[in-house]
Structures are given as structure tokens and as C-alpha cells.
Amino acid sequence: MVASRLIERLDRGLVDATDPLRREYLKAERAGALARLGLLSDARFALQGLRTQNQRHRDGLLAAWIHLVDGQIDHFDTIARGAADKFGRALAEAEAAGDEPMQALASAWLAICAFNASDLPALTRHVGRALRLADADHHAARARVGLVLADAYRFAGDDAASQTWYLRARTHASADGDSSMISVLLYNLATHRAGHVALADAFGRADAEQARKALLEVESTANYDWGTGVASLSAMVPVNRAQLLVALARYEEAARLFDDHLERAAAEGMSHRAARLLADRAWCHVKTGRVAQALADARAAEASAADQQDPDDRAAAFARLAAIHRHGGRDAAAAQLQALADAALDQHHAEQARLRTALDEALTALDEPAGVA
């Protein structure tokens with residue numbers, strides 16, 4: 001049973017609605033909520049009904065909703081890159097229909113895609129449009145854009161600004177009754193902390209206390225999802241848990257989690273981080289004496305480490321591989337990999353600074369400084 005005040009509110013709206021198109025808009029919003037809860041089969045079934053209805057209505061705003069829901073299904077199924085194209089079509093239909101609330105919502109979703117793709121110009125453009133067009137009570141758009149700004153500031157290393165935007169996003173999500181949004185907020189907070197801990201651990205600078213706190217956050221996220229029925233992106237929490245267990249030197253447990261969930265994680269959109277995660281599992285095998293498995297994972301990780309999109313992932317993978325080579329007495333290879341790790345880490349820090357500056361400038365231009373609650 002899904003505990004979602006948003007679904008309940010939309011169901012009441014459907015009962016009360018007398019205008020046929022208004023009913024279809026509510027059905028579309030409900031289908032998107034189902035997708036965000038991970039109920040993808042139900043969302044796809046509802047989407048097919050919306051497409052059938054719009055063959056009769058030929059309504060631009062309904063067409064925008066259809067594209068938006070289609071993109072949400074892709075995003076919460078596998079974080080598919082094609083979701084951005086669908087959100088873009090939703091924005092185009094909303095512009096043609098002159099509907100600013102939908103333009104704001106589609107822009108907020110496009111901002112998330114831009115952040116995931118490390119496309120800084122697109123990120124600031126979509127954030128700016130969403131904040132300009134979303135009224136103060138457009139909770140869906142403002143929660144979503146608040147989330148992406150929180151994530152972006154967290155990635156940029158500005159925890160104070162990040163916390164402000166997380167609080168804003170949570171306020172809007174709570175006002176909307178959107179339990180899936182609260183889940184994503186909790187998950188992203190835990191993921192960023194886990195990533196920070198794991199990166200430090202790869203460079204031999206593990207902080208056990210931070211790792212323990214981050215593990216509690218990950219467990220809290222899993223408990224919230226269980227309590228509210230959120231089922232989307234189910235492999236990501238155990239993968240985060242595995243990374244933190246590595247930092248806590250609980251290698252057997254970490255290896256089992258990687259074994260059980262890496263394949264599913266790749267299907268859910270984490271394939272671009274495969275080298276980093278394989279390097280972590282290889283280190284677990286090294287520490288537990290599984291030489292053949294360690295070599296297999298290390299070779300696979302080394303073959304694709306340079307192709308990872310994000311420099312922090314490259315830095316962590318190369319640093320972990322360097323440690324593996326040092327452990328095996330291959331000092332020359334370790335030194336080469338460590339140099340690559342250090343260069344990637346420098347690039348990561350440079351990108352953090354560039355992102356922080358761009359976000360500050362974009363928000364100042366909108367008269368929305370990061371510190372405004």
C-alpha cells in the first residue's frame with residue numbers, strides 16, 4: 001500500500017472534476033506520481049490511456065503532460081538519457097500552449113538532466129526558467145528545482161547553500177504531499193555523503209566516524225522507502241551501503257552487496273560509475289584474499305576508468321586501482337595510476353569552483369541568493 005498524500009489528493013480531485021480535460025490533466029499528474037514511486041507498470045498503463053484520450057482531445061497541454069510523464073518513467077526506470085528529450089518536448093508543447101506552470105515543471109526536470117550530464121550552461125538556463133515561471137505555490141516545480149540546486153551546491157562543496165535548498169525542496173514536497181520527493185531528498189543527501197566518504201577512503205583518508213554517520217543516513221533512506229512504498233531505483237541504496245562498508249573495512253559484507261546489486265545498479269542508470277564500483281569490489285577481494293576475483297575486477301575497472309564522465313569517479317577509481325597495485329608490489333604501475341587519480345581530483349576541485357560561481361551568478365540575477373530560506 002502506497003502512503004502518498006499526493007495520490008490521495010489527486011484521487012479526490014478526479015472525483016470532483018467536471019471538466020473532461022481537467023480530469024485528463026489530473027490523471028497525467030497521477031501517472032507521474034506513480035512513476036516517481038517506482039510503480040512503473042501502473043504509470044505506463046495510465047500513460048497509454050492518456051495517449052488514447054489525446055487522440056480525441058488534441059490538446060497541447062495534455063500533450064505536454066504525456067511527454068513529461070513519459071520522461072519521468074524513463075528517469076525512474078533507468079535514469080535514461082532519452083528522458084531529457086521527452087522533457088524537452090514537454091517544454092515545447094507547454095510553450096506552444098502558453099502554459100507557464102508546465103513550462104516551469106518541465107524546466108525543473110530538464111535541470112536535473114543537465115546536472116546529471118554535467119552540462120553547466122543548460123543547468124543554469126533551466127534553473128533560471130523554472131524559478132522565474134513557478135509561482136510560490138507551484139510546489140511540484142519548486143521542490144524539483146530546489147532539489148537540483150541542493151544537489152548542485154553539495155557537489156560544488158558549498159554545504160551551507162546546499163542545506164538551504166534541501167530545506168526549501170522539502171518544504172515544497174511536504175506541502176504537495178509528495179512522499180517520493182522526500183525519498184529522493186533523503187537518498188541524495190545520503191548518496192552525496194557516501195560519495196564524499198568513499199572518495200576520501202580511496203585516497204587513504206577514510207574518516208570512520210563520517211562513514212558511520214553516512215551509513216545511518218543510508219539506512220534511514222531505506223526505512224523511509226519501506227514505510228511509504230517507494231520502490232524506484234532500488235539498487236542504489238545497497239550500493240551506497242557497500243561503499244561505506246568498504247570505508248569501514250567491512251569487506252566481506254561490502255563484497256556481498258556489490259555482488260547482489262551491481263548488475264541492477266547498472267540497469268538503473270549507474271553504468272557510468274561501473275569502473276569506480278568495480279575498483280571498490282576489487283579492493284574488497286584484495287583484502288579478503290580472493291586474488292582471481294580481485295584481478296578480474298581490477299582489469300575491468302582499469303579498462304574503463306578513464307571513460308567515466310565525472311572526475312570524482314575517475315579520481316576514486318584510479319586511486320583505488322593504485323592502492324591495489326601497491327598492495328601487489330607493482331610500484332611503477334601504482335605511481336602511474338596515482339598520478340591519474342591526483343589529476344582527476346584536481347579537475348574535480350576546479351569543476352566544483354566553476355559550478356559554485358555559476359550557480360551564485362545565476363541566482364543573484366534572479367534575486368534568489370542561495371542563503372534565502
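This is a predicted model: local features need pLDDT of at least 70, side-chain atom pairs count only at pLDDT 80 or more; totals for chains, interfaces and linings use all residues.
**Notebook: a walk through the helices**

**Entry 1: Ser-118**
I started with Ser-118, which is partly exposed, with a relative accessible area of 42%. That falls between the 20% limit for buried and the 50% limit for exposed. Ser-118 sits in the loop between α6 and α7 (120–133). I looked up its backbone too: Ser-118 has a positive phi of about 55 degrees, although it is not a glycine. I flagged that because most residues other than glycine have a negative phi.

**Entry 2: Arg-58**
Next I went to Arg-58, another non-glycine with a positive phi, about 50 degrees here. Where is Arg-58 placed? I found Arg-58 in the loop between α3 (40–57) and α4.

Then I checked the confidence scores. The protein averages a pLDDT of 91, and 94% of the residues score at least 70. Which element has the lowest mean pLDDT, and which the highest? Helix α11 (residues 208–228) has the lowest, at 75, and helix α16 (residues 311–327) has the highest, at 97. I put a pencil mark by residues 226–231, where pLDDT stays under 50. For that stretch the model has 15 contacts beyond four places in sequence.

**Entry 3: aromatic rings**
I counted two rings as a pair if their centres lie within 6.5 Å. How many aromatic pairs does that give? The count comes to three aromatic pairs. I looked up Phe-76 and Trp-109: their ring centres are 5.9 Å apart and their planes stand at 75 degrees, so I noted the pair as edge-to-face. The cut-off I used for that label is over 60 degrees.

Phe-76 is in helix α4 (residues 60–78) and Trp-109 is in helix α6 (residues 100–116), so this pair ties together parts that are 33 residues apart in sequence.

I then turned to Phe-115 and Phe-155. Their ring centres are 6.3 Å apart with the planes at 85 degrees, so I wrote edge-to-face again. Phe-115 belongs to helix α6 and Phe-155 to helix α8 (residues 139–155), and the pair links distant parts of the chain, 40 residues apart. Both Phe-115 and Phe-155 are buried. I also noted that Phe-76, Phe-87 and Trp-109 form one aromatic cluster.

**Entry 4: α2 against α4**
I looked at helix α2 (residues 20–36), which packs with α4 at an angle of about 10 degrees, with the axes 8 Å apart. Angles under 35 degrees count as roughly parallel, and α2 and α4 are therefore roughly parallel to each other.

Which residues meet in this contact? On the α2 side I listed several, among them Leu-21, Tyr-25, Ala-28 and Arg-36. On the α4 side I found Phe-76 again, with others including Leu-61, Trp-65 and Ile-73. I sorted the residues of this contact by type and got eleven nonpolar, two polar and three charged.

Lys-86 came up in helix α5 (residues 82–97). Lys-86 is buried, with a relative accessible area of 15%. Leaving aside its neighbours within four places in sequence, I found Lys-86 in contact with His-67, Asp-70, Gly-71 and Asp-74.

Then I looked up Arg-170, which lies in helix α9 (residues 159–176). Arg-170 is partly exposed, at a relative accessible area of 38%. Beyond four places in sequence, it is in contact with Ile-182, Leu-185 and Leu-186. I also checked Arg-170 against Val-184: they are 14 residues apart along the chain, and their C-alpha atoms are separated by 10.0 Å.

Last stop was His-285, in helix α14 (residues 274–287). At 5% relative accessibility, His-285 counts as buried. What is His-285 in contact with, leaving aside its neighbours within four places in sequence? I wrote down Ala-255, Arg-290, Gln-293, Ala-294 and Asp-297.

Terms used: Residues are numbered from 1 along each chain as its sequence is written. Side-chain values use heavy atoms; hydrogens and water are left out. Rings of Phe, Tyr and Trp (its six-membered ring) pair if their centres lie within 6.5 Å; planes under 30 degrees apart count as stacked, over 60 as edge-to-face and the rest as tilted. Helices (H or I, at least four residues) and strands (E, at least two) are DSSP runs, numbered from the N terminus. Buried means under 20% relative accessible area, exposed over 50%, partly exposed in between (1.4 Å probe, protein chains only). Axes are lines fitted to C-alpha atoms, for helices over the stretch in contact, and angles run from 0 to 180 degrees between N-to-C directions. Angles under 35 degrees count as roughly parallel, over 145 as roughly antiparallel, 65 to 115 as roughly perpendicular and the rest as oblique. Contact means heavy atoms within 4.5 Å. Ala, Val, Leu, Ile, Met, Phe, Trp, Tyr, Cys and Pro count as nonpolar, Asp, Glu, Lys and Arg as charged, and the others, Gly among them, as polar. pLDDT is the predictor's confidence in each residue, from 0 to 100.
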